[in-house]
Amino acid sequence: MMQKNMKTNLYQSNPFHLVKPSPWPMYLVFGLFGFLLNLTMMMHNITDNYMMLLINVITLIYIGLLWSRDIMGEATYLGEHTSKVSEGLNMGFLLFLMTELMWFFGMFWAYFYSALTPSVEIGEIWPPMSIMPMQATDLPLFNTLMLLMSGATMTYSHHALMARNRFNSMFGLFLTMLLGFLFIICQYFEYYYCSYTLADSVYGSVFFMLTGLHGMHVMTGTLLLCLNFYRLYNYQLTSEKHTGFNTSILLWHFLDVAWLFVYIVCYYWGV
Amino acid sequence: MLARTALRTASTRPVRLFSTSRLVFSEKKNDTPAEFGVSHSLSEATSPNKLFGPGTKDPKAQPSSFEIATGLDRLELLAKMEGIELFDTQPLVQDRKGTPDDPVLIDSLDPIRYIGCTGFPKGSQEVNWIRLERGKLSRDWESGCCYMLNYIGPEGNASHH
């Protein structure tokens, strides 16, 4: 790979971005370690100190923002993201989505394993004996509608961006963020008024694992949308090139589809 | 006392918030150094300092890449607008078998380039990696294909490697 048509050594001759040493991967790993340690300790009743977990979450988000700031600088102000680099970033994100897909696949496997041949310990029925499952036509249906709508507003925002319509793009993205936020709030209330917990038989475990995994990703997705809103507001995303925006859209639609499966399996079929 | 002094020092320095866009919105708008410039075409992009866009005219429209792209990204875009593929990312074409008298010429920006030979016709053998050097004939030991480096990089750069 080389620069064929510029006989000069003013510019680098390859299209790749050779990144400089960055502290963020290491800091992020430390942050994640603390977060998981505290989460596990809390779930096993070793500690009930929510404060440490809160600090961990704030640290993680802060490191994420600093890392994103560096990437934004490299993309917008230094112009390091050539089409080859964008291609690589996009491919990396697609691979990440594949790992997510496998994660969901594993969790669904656990669900079907327990649901299709319920063991004798849970009364050989699904949902297990004396579990009162949630009403599928209640809040979960509302959540489904909101996520599907957010997919539509996301597309609206994307098309407006490609047509260089700044206001419509920002408005669509704002609506998507709002719907994502509302989804998280509704999930919170759903969990709050739920009659069973993570520790109530295998049903509670797989249910909260699946919906919780999805909910966590919606939170991350909403954060990504906020970042994109910031970039859109600051004229950083162009009508032709918006790799970060594209990958966020991919994640959001992935979550849409994953939720449809979660809804059908966990709320509608499995009760 | 120390804290107050530190705070005062910090407050007089330019604040670098979430990204440098704060500086763009600050009042110091016209202090761009003279060597920085805008390039509308490849001929205007004479140095890395000239790889900036003219900026967006309509604040109500989202900018296009031509308006705000910078750096190598801009250079690639400007080249593309003139129909030039700046970075040659395609595999080498092997349309004939190079002989010692008439080797296949391989363009290179560097005095040294590695190529992978799969024989002729292509794919007739496993890849053999060959190191080409400027002014030296290289021959694949399996298929006998001959290659020669065609240096197209800037002059005066040849002794670096």
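Buried area is the accessible area, taken with a 1.4 Å probe, that two parts lose on being put together, summed over both. With that term in place, I turn to the interface of chain A and chain B in this predicted model.

By that definition, chain A and chain B bury about 3,800 Å² between them. Of this area, 58% lies on carbon and sulfur atoms. On the side of chain A, 40 residues take part in the contact, and chain B contributes 42 residues.

Which elements of chain A supply at least two residues each to the side that touches chain B? They are β1 (2–3), α2 (50–77), α3 (83–116) and α6 (201–233). The largest share comes from α2(A), with five residues. Sorted by class, the side of chain A that touches chain B has 16 nonpolar residues, 16 polar residues and eight charged residues.

Finally, the annotation. An unreviewed UniProt entry assigns residues 12–271 of chain A to "domain: Heme-copper oxidase subunit III family profile". Over residues 12–271, chain A is 74% helix and 0% strand. The end C-alpha atoms of that stretch of chain A are 61 Å apart.

Definitions and conventions. Residues are numbered from 1 along each chain as its sequence is written. Chains are lettered from A and ligands numbered from 1 in the order in which they are written. This is a predicted model: local features need pLDDT of at least 70, side-chain atom pairs count only at pLDDT 80 or more; totals for chains, interfaces and linings use all residues. Side-chain values use heavy atoms; hydrogens and water are left out. Contact means heavy atoms within 4.5 Å. Helices (H or I, at least four residues) and strands (E, at least two) are DSSP runs, numbered from the N terminus. Ala, Val, Leu, Ile, Met, Phe, Trp, Tyr, Cys and Pro count as nonpolar, Asp, Glu, Lys and Arg as charged, and the others, Gly among them, as polar. UniProt positions are given in the numbering used here, feature names are shortened, and annotations may be inferred rather than shown by experiment.
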